[in-house]
Amino acid sequence: MRIIGRIPHPRLQITVFANDGRFPVQFETDGLSQIYRFRQSDQLKSLADVQKLVNKDLIDTVMVQFSAMRAAHSLALNTFAPPEVPTDTDGLPDII
């Protein structure tokens, strides 16, 4: 697999690869990544063609998926470090 290019975006790093008749496109942000693979065809044979696929609709879908991934990631991390629960159970305010 080799990198054939990057697609600029203000919030994502988008890398396009070429690999065995496919164009894997990797989206990365905040330590998370998604890869979408597109088969080469007569209509899809270059970086310019892949750039046409990576349009607003696809990026919006990717961003929604990243939101779900962040939630799942946080939930998994809470297994080891659950959020702190207040221990004051008498209902009275703290006096400083």
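The legends below describe a predicted model in several close-up views. Local features are given where pLDDT is at least 70 and side-chain atom pairs at pLDDT 80 or more, while totals for chains, interfaces and linings use all residues. Residues are numbered from 1 along each chain as its sequence is written, and side-chain values use heavy atoms, with hydrogens and water left out.

**View 1**
Along the sequence the elements follow the pattern β-β-β-β-α-α. Helices (H or I, at least four residues) and strands (E, at least two) are DSSP runs, numbered from the N terminus. Of the 96 residues, 27% count as buried; buried means under 20% relative accessible area, exposed means over 50%, and partly exposed lies in between (1.4 Å probe, protein chains only). The accessible surface comes to about 7,200 Å², and 55% of that surface belongs to carbon and sulfur atoms. Areas come from the Shrake-Rupley method with a 1.4 Å probe, and for residues only the protein chains shown count as cover. Contact means heavy atoms within 4.5 Å. Among contacts between residues at least 6 apart in sequence, 33% join residues at least 24 apart.

**View 2. Strand β3 pairs with β2 and with β4.**
Two strands count as paired if DSSP finds at least two bridges between them. Strand β2 (residues 13-18) and β3 are antiparallel over four bridges. β3 and strand β4 (residues 32-39) are also antiparallel, over eight bridges. Strand β3 covers residues 22-29, and six of its eight residues are buried. Phenylalanine 27 has a bridge partner on either strand: isoleucine 14 and, in β4, glutamine 34. In a regular strand, side chains alternate between the two faces of the sheet.

**View 3. Two hairpins join these strands, one of β2 and β3 and one of β3 and β4.**
Three residues lie between β2 and β3, and aspartate 20 in that hairpin takes a positive phi near 45°. Two residues lie between β3 and β4, where aspartate 30 in the turn has a positive phi of about 50°.

**View 4. The model has one aromatic pair.**
The rings of phenylalanine 27 and tyrosine 36 have centres 5.7 Å apart and planes at 85°, so the pair is edge-to-face. Rings of Phe, Tyr and Trp (its six-membered ring) pair if their centres lie within 6.5 Å; planes under 30 degrees apart count as stacked, over 60 as edge-to-face and the rest as tilted. Phenylalanine 27 is buried, with a relative accessible area of 0%. Tyrosine 36 is partly exposed at 25%.

**View 5. Glutamine 34 of strand β4 is buried at 7% relative accessibility.**
The side chain of glutamine 34 reaches the backbone oxygen of valine 62 at 3.0 Å. This is a polar contact: a pair of N or O atoms within 3.5 Å, where within protein one must be able to donate a hydrogen and the other to accept it, and residues adjacent in sequence count only if both atoms are side-chain atoms. Leaving aside neighbours within four places in sequence, the residues in contact with glutamine 34 include Phe27, Val62, Phe66 and Met69.

**View 6. Two salt bridges are counted.**
A salt bridge is a side-chain nitrogen of Lys or Arg within 4 Å of a carboxyl oxygen of Asp or Glu. Arginine 70 lies in helix α2 (residues 56-78) and aspartate 30 in the loop between β3 and β4, so the pair ties together parts that are 40 residues apart in sequence. Arginine 70 is partly exposed at 29% relative accessible area, whereas aspartate 30 is exposed at 61%. Another salt bridge joins aspartate 60 and lysine 56, with the closest N and O atoms 2.6 Å apart. Both of these residues lie in helix α2, four residues apart, about one turn of the helix. Aspartate 60 is partly exposed at 34%, and lysine 56 is exposed at 58%.

**View 7. Alanine 18 is in strand β2.**
Alanine 18 is buried, with a relative accessible area of 14%. Not counting residues up to four places away in sequence, alanine 18 touches Met1, Arg2, Ile4, Phe23 and Pro24. Alanine 18 and arginine 37 are 19 residues apart in sequence, and their C-alpha atoms are 9.7 Å apart.
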